[in-house]
Amino acid sequence: MADPFAQLIPEARSFLEELARDNTRDWFHANKTRYEAHLKTPSQLLQEQICADFRKRSESPVTAKLFRPQRDIRFSKDKTPYHTHLHMLWQVRGTLDFGVFLGISPGSCRIGGGVMSFDKSQILTWRSSIDGSQGAAIASALETLAQQGFKAGDPELKRVPSPYDKDHPQADLLRRKSLTLWRDLPTDDWSQPLMALNSAFADLRPLRALLTAGLTAANLP
């Protein structure tokens, strides 16, 4: 069965390529109807469908967000008014909110997932979990995901936080304040975003389960 959103990524890339060449309010306003028809509306419909699919797989509430095209230029030296990418986020709610992301830009398309930021209470629980038995399990899950094309960014902290030893076997994980992974979507799959997102969530579910279990166990008395 053909993906009902087969044209979303090609149409978005074409629009964003043109926007990158003429990133002005005049150009965007002249093409706003095209943005609404080819990017915003199909993105919102895709979000609704993925929310329903993820709810079936996770049995958890799922929310979605389509990031606005306008840039916040108040404190930026770069005054171009619009983003030249299209970003979507799904949040699977629970003990730990787990995000799944889709990013479309003129030169690429990426799917990601994970926790964008541990809050103040979660970061301490995260470190306690990593210091315990969950640390090795999460590290193993990340190795498996790396073999499936998911790459994590560098840790935010340069040093292992106290009271953990700098030579801790999970030093890389302890230095993290978030945990997100991304993989490039092959061009052959650009016409199948619905399948690609569901496939990515299936691959990421074991990591979500480990993170949730780790935070829950670390909170137990």
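Which residue in β3 does leucine 86 stand opposite? Leucine 86 stands opposite isoleucine 104.

1. **Basis.** The model is predicted: local features need pLDDT of at least 70, side-chain atom pairs count only at pLDDT 80 or more, and totals for chains, interfaces and linings use all residues. Residues are numbered from 1 along each chain as its sequence is written, and side-chain values use heavy atoms, with hydrogens and water left out.

2. **Overall layout.** The chain has seven helices and six strands. These are DSSP runs, numbered from the N terminus: H or I over at least four residues for helices, E over at least two for strands. The order along the sequence is α-α-α-β-β-β-β-α-α-β-α-β-α. The C-alpha trace spans about 60 × 45 × 30 Å along its principal axes.

3. The chain has 221 residues, and 45% of them count as buried. Buried means under 20% relative accessible area, exposed over 50%, and partly exposed in between, with a 1.4 Å probe and protein chains only. A contact is a pair of heavy atoms within 4.5 Å. Among contacts between residues at least 6 apart in sequence, 66% join residues at least 24 apart.

4. **The sheet.** Six strands form an open sheet. Their order is β1-β2-β3-β4-β6-β5, and the pairing is antiparallel. The edges are β1 (62-66) and β5 (151-152), each pairing on one side only. Two strands pair if DSSP finds at least two bridges between them. In general, strands of a sheet pair through backbone hydrogen bonds, either parallel or antiparallel.

5. **Around β3.** Seven bridges join β2 to antiparallel β3. Glycine 99 has glycine 114 as its bridge partner in β4, and glycine 103 stands opposite arginine 110. Seven of the eight residues of β3 are buried, so this strand is largely enclosed by the rest of the structure.

6. **From β4 to β5.** Six bridges pair β4 with β6 (residues 179-184) in the antiparallel sense. Valine 115 has leucine 179 as its bridge partner in β6. Next, β5 and β6 run antiparallel and are joined by two bridges. In that pairing, alanine 152 has leucine 181 as its bridge partner in β6.

7. **A charge over a ring.** Arginine 110 also deserves a look at its side chain. Arginine 110 lies over the face of tryptophan 182, at 4.6 Å from the ring centre. The criterion is NZ of Lys or CZ of Arg within 6 Å of the ring centre and within 35 degrees of the ring normal.

8. **Aromatic pairs.** How many aromatic pairs are there? The count comes to nine. Rings of Phe, Tyr and Trp (its six-membered ring) pair if their centres lie within 6.5 Å; planes under 30 degrees apart count as stacked, over 60 as edge-to-face and the rest as tilted. The rings of phenylalanine 15 and tyrosine 35 have centres 5.8 Å apart and planes at 45 degrees, so this pair is tilted. The pair links distant parts of the chain, 20 residues apart: phenylalanine 15 sits in helix α1 (residues 8-21) and tyrosine 35 in helix α3 (residues 32-58). Phenylalanine 15 is buried, at 1% relative accessible area. Tyrosine 35 is buried too, at 7%. Ring pairs link Phe15, Trp27, Phe28, Tyr35 and Tyr82 into a cluster.

9. **Cysteines.** How many disulfides does a search of the whole structure find? The search finds zero. A disulfide is a pair of cysteine sulfur atoms within 2.5 Å. Cysteine 51 is buried, with a relative accessible area of 8%. Cysteine 109 is buried as well, with 1%.
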